[in-house]
Amino acid sequence: EKLVSECNGTAESVCTHCESGHYQQSWTKERHCAPHDICEDNAGLTVKTQGNATHNTVCQCRAGMHCSDTSCQTCVENQPCQRGFGFVAAKAMARMSSPCEPCAEGTFSNVSSKTEPCHPWTSCEEKGLVVKAKGTNASDVICESGRRSSLSVLIPITAAVVTCLVGVCIYCLVHTDPKRRVQMQ
Ligand SMILES: *[C@@H]1O[C@H](CO)[C@@H](O)[C@H](O)[C@H]1NC(C)=O
Ligand SMILES: *[C@@H]1O[C@H](CO)[C@@H](O)[C@H](O)[C@H]1NC(C)=O
Ligand SMILES: *[C@@H]1O[C@H](CO)[C@@H](O)[C@H](O)[C@H]1NC(C)=O
Ligand SMILES: *[C@@H]1O[C@H](CO)[C@@H](O)[C@H](O)[C@H]1NC(C)=O
């Protein structure tokens, strides 16, 4: 309500309802109600809650947009989250600021996207592998087989042993065959 006439020695105060599209939130001596905010469509705003006689209209940005500053008089289109940044659904819901957040340590995003969140690095340990290259905010950890190091020792040793055995066999064949042939003759 707003004040029509203030009380005096003989008469009570007279008040009247706010006209439509106006509101008045508390006890007041004001003779005018304040007009509801208008959510400007071409600023990207829509009505979040419609005002009534006691509350102002609350505006918010349209879906896919966020406030251009803290006063939120205008909205800007959400941009794709760049590499190293991930999409945060809760921030997109709030529509107050960009839905993109830098990937925290231990997570990465290797794509520019309007929907992809940061993903946790692959755990090489879980897969029974070892880390070949560390992860960054824009790339996953690269794993490799932990047996590779032992294989790189085993292969030359095996090769050497096989070569020796083959050598011994050839030696034996060459030196035993004539004798056998002699004995057989
Ligand atoms: C009190 O207010 C009423 C209504 O506004 C007015 O008619 C009356 O003259 C006022 N009386 C005094 C004493 O000011
Ligand atoms: C006016 O709007 C406010 C906020 O939206 C709400 O809490 C309140 O109940 C409404 N009052 C009436 C009378 O509808
Ligand atoms: C990602 O990491 C690089 C190198 O550590 C750093 O310069 C860059 O600021 C980081 N980007 C983000 C979005 O945190
Ligand atoms: C992003 O990382 C994932 C997981 O490591 C990989 O499968 C994919 O190919 C990468 N995409 C690009 C564009 O690098």
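Is C7 buried, partly exposed or exposed? In this predicted model, C7 counts as partly exposed because its relative accessibility is 46%.

**View 1. C7 and C15, two cysteines whose sulfur atoms are too far apart for a bond.** The closest cysteine sulfur to that of C7 belongs to C15, and the distance of 9.5 Å is too far for a bond, given that a disulfide requires sulfur atoms within 2.5 Å. C15, with a relative accessibility of 42%, counts as partly exposed.

**View 2. The disulfide between C39 and C59.** The two sulfur atoms lie 2.1 Å apart, and this is one of seven disulfides found in a search of the whole structure. The pair links distant parts of the chain, for C39 sits in the loop between β4 and β5 while C59 belongs to strand β6, 20 residues apart. The torsion about the S-S bond is about -90 degrees, and therefore the disulfide is left-handed. C39 counts as buried at 15% relative accessibility, whereas C59, at 25%, counts as partly exposed.

**View 3. The disulfide between C61 and C75.** Here the sulfur atoms are 2.2 Å apart. Because C61 lies in strand β6 and C75 in strand β8, the pair ties together parts that are 14 residues apart in sequence. With a torsion of about -90 degrees about the S-S bond, the disulfide is left-handed, and both C61 and C75 are buried.

**View 4. The disulfide between C67 and C72.** The sulfur atoms of this pair are 2.0 Å apart, and the link is left-handed, with -75 degrees about the S-S bond. C67 counts as buried at 5% relative accessibility, and C72 counts as buried at 16%.

Note on methods. Residues numbered from 1 in each chain as written. Chains lettered and ligands numbered in written order. Predicted model: local features only at pLDDT ≥ 70, side-chain atom pairs only at ≥ 80, totals over all residues. Heavy atoms only, no water. Helix = DSSP H or I, 4+ residues; strand = E, 2+ residues; numbered from the N terminus. Buried < 20%, exposed > 50% of the residue type's maximum accessible area, 1.4 Å probe, protein only.
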